[in-house]
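This report concerns the interface between two chains of a model. Please look at the sequence and structure first.

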Amino acid sequence: MMDKILLAGFGGQGVMFIGKILTYAGMLDGREVCWIPSYGPEMRGGTANCSVVISDEEIHSPVIEYADFAIVLNQPSYDKFLPRVKPGGVLVANSSIVSTAGKRDDIEIIAVPAGDMANELGNVSLANMVCLGALLPKLTMVDLASVEKAVSAVVGKKKPELYELNLAAVRKGLGK
Amino acid sequence: MQRVFGRPKGLTELPFHYCPGCTHGVIHRLIGEVLEELDIIGDTIGVAPVGCAGFSLDFFACDFVGAAHGRAQAVATGIKRALPDKIVFTYQGDGDIAAIGTAHSIHVAARGEKITSIMVNNAVFGMTGGQMAPTTIGGQITTTSPYGRDCALVGAPIDMPKTVATLSGAVYVAACSVDTPKNIIQAKKCLKKAFQVQQAGLGYALVSILSTCPTNWGLSPADSLKWLQENMLPVYEMGELKMTEEVKAL
Amino acid sequence: MSKELMKGNEAIGEAAIRAGCKLFFGYPITPSTEIVEYLSKHLPKAGGTVLQGEDEVASINMCYGAATTGARVMTASSSPGFSLKQEGMSYLAAAELPVVVVNVNRTGPGLGGLGPSQADYFQCTKGGGHGGYRQIVLAPSKGQELYDFTMEAFDLADKYRTPVVILSDGFLGQMMEPVELKKRPKADLPAKDWVVGGCKGRAKRKVASYSLTNEIGEVNNLHWEAKFAEMKDSLQRWEAFHAEDAEYLIVGYGTCGRIAKSAVLKARRQGIKVGLIRPITLWPFPEEAFANLDGVKGILTVELNFGQMVEDVKLAVECRTPVYFHNRLGGMLPSENEILRKLGQVFDLAVEV
């Protein structure tokens, strides 16, 4: 089994962060993992994206031609990556600022008002975690327990208060 | 019988094969004496790049490393950072230190690298046969300035010690000449101080020494000294150009 | 043993520290910069020194100087910066100084771009500087190999008294993968009885590369020639992946090598006997991997350049089987499907992608 996940949004929306959380979640569960940033002159500002591969066998090609899953946090990312989800795949869109009018019938599109939901938690920058929560039930390689471990490993030690806040956002996205 | 004069222990037994009248030999001897007097022959690593200065590898009694053209100070930096308790010096020509290696000459001083550099300035590229150097003086004829250096066309010569003296990491900068016995004695004093600065770990020290190149200047050894006095001394500022309070207190 | 999630460039830095690297001289350039940044943060805590040179030329020559003292030393750069180091590489090879040099290959020529490339293959393997030298070139393909090969590079450098190049690329350098932080392996290395450091109690030593006469020059070159021949005979290394019964071989190193593995597996699932030869030493090129080509109907070499390693493949194959070429350029990577399609095209195979 292998989950290939594309993550994209404005720089500052925490795209790289949820990529790292997913990667840690896979690693802490003993999976093979690979995190690939887009990098270059555009890395400050503009649209950022990264991809994550989580697998129960060795990851050879880390190149994601078509992803199983995608999270898009802004409109340009939706427009750019909609065609990059393979038929039968799942795309989670932050519908607070993304119009999912341009649709595909062969994939599942989950529109989550993540920005608004994050605002309800008091911090709009948690929209990324809300979307992560919304995608979690679809993933085959990681679950809520592994994400909890990952958030703890990445932010838990330094900033315990952020641990709770991030997980609250994930649970909200999950509908829990 | 008491021996009153001989080869300093800082030099090997190998006879110099520099051209007759070239003052590299005098400068070598002064450094050899300083190494002996400070009792640092066994703790010193010299670095020689390319050019006539490159021959110095074999003439000094201490360990020596050969560097690429212009890179002696970068190589010396690597050695000193690996062996901070050893004495490291570079022996470079003016082409090396003021043309191809200028970036390193500036930055080694800016960093206050605890090494000693000796720049031998004969106003030409010696080993390649007397081409124009960054230190060639206005009007001087060389094989690449056959009508005399035209400063309007190629710029005026660089006074490297003066330039380096502006950098805070350079704590001792001296400009000397070996054209007269008096100046030779002064040059030795400066060389000794430049090594003592390093022993005390105070910072970067540079000693520039005006030198002759009778072969490429097309002059006899005696006329070369005269030419140096008449043409180079007026252009290049002489003396201890910079000495921090800590160096003065040595 | 637990694994750490690290960027490829960070894995190189950590491996250097654990391999006993004491000095690092470098100059920042994307996409290699995390190496100098990682070491700036961690090497001083391990008792080492990091110095940012005024340029790449200074940095490689600082490495040269440090190596003459016997200290373990490294530098890292990326293609345009690696070009600036070529003068120094030639001097390192001639003076026989052990230095580990990382080149995180980005695209070119000229300023190029920041994406992954393999266009520095010639520069690394054929002697990018003057004078006709050779140096060991290792080609990692994943985080763990970036770590392991960097560690081993220090031993190889010391064993053969030679610069060793780790040829990574912008993709491997930036990618994060779990890395097992292994301990430094025990290596049987020759005594460094040639280093400078003050001649107290012994004869004066010199480390230099000048040949004063042609006769001396020939003697020196014969020595280097013999040494390069010995390295060529004893160091060839590669990974054979489903190659035993392969009718079609893909040849690719580094990033292309690992992508090709996915293509091999996909082809095998369709009953097509495809295998992979992944060169690990780019110099010496693993000619021995091509000694037996019985049953091989053809070879497809995949690279991120105009066709460089493919020349070495052809030399090793000696026209015994046809050799084809596929590439991507300018920072783009081939996908496994793309490689598979190309296989189908050149060998007239029905492939499903």
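This is a predicted model: local features need pLDDT of at least 70, side-chain atom pairs count only at pLDDT 80 or more; totals for chains, interfaces and linings use all residues.

Residues are numbered from 1 along each chain as its sequence is written, chains are lettered from A in the order in which they are written, and side-chain values use heavy atoms, with hydrogens and water left out.

Contact here means heavy atoms within 4.5 Å. Buried area is the accessible area (1.4 Å probe) that two parts lose on being put together, summed over both. Carbon and sulfur atoms give 61% of the area buried between chain C and chain B.

| Interface of chain C and chain B | Value |
|---|---|
| Residues of chain C in contact with chain B | 32 residues |
| Residues of chain B in contact with chain C | 35 residues |
| Buried area | about 2500 Å² |
| Salt bridges | 5 salt bridges |

A salt bridge is a side-chain nitrogen of Lys or Arg within 4 Å of a carboxyl oxygen of Asp or Glu. One such pair is R111(B) with E54(C), whose closest N and O atoms are 2.9 Å apart.

Among the elements that give two or more residues to the side of chain C that touches chain B are α3 (56-68) and β9 (206-207). The largest share, 8 residues, comes from α3(C). Helices (H or I, at least four residues) and strands (E, at least two) are DSSP runs, numbered from the N terminus.
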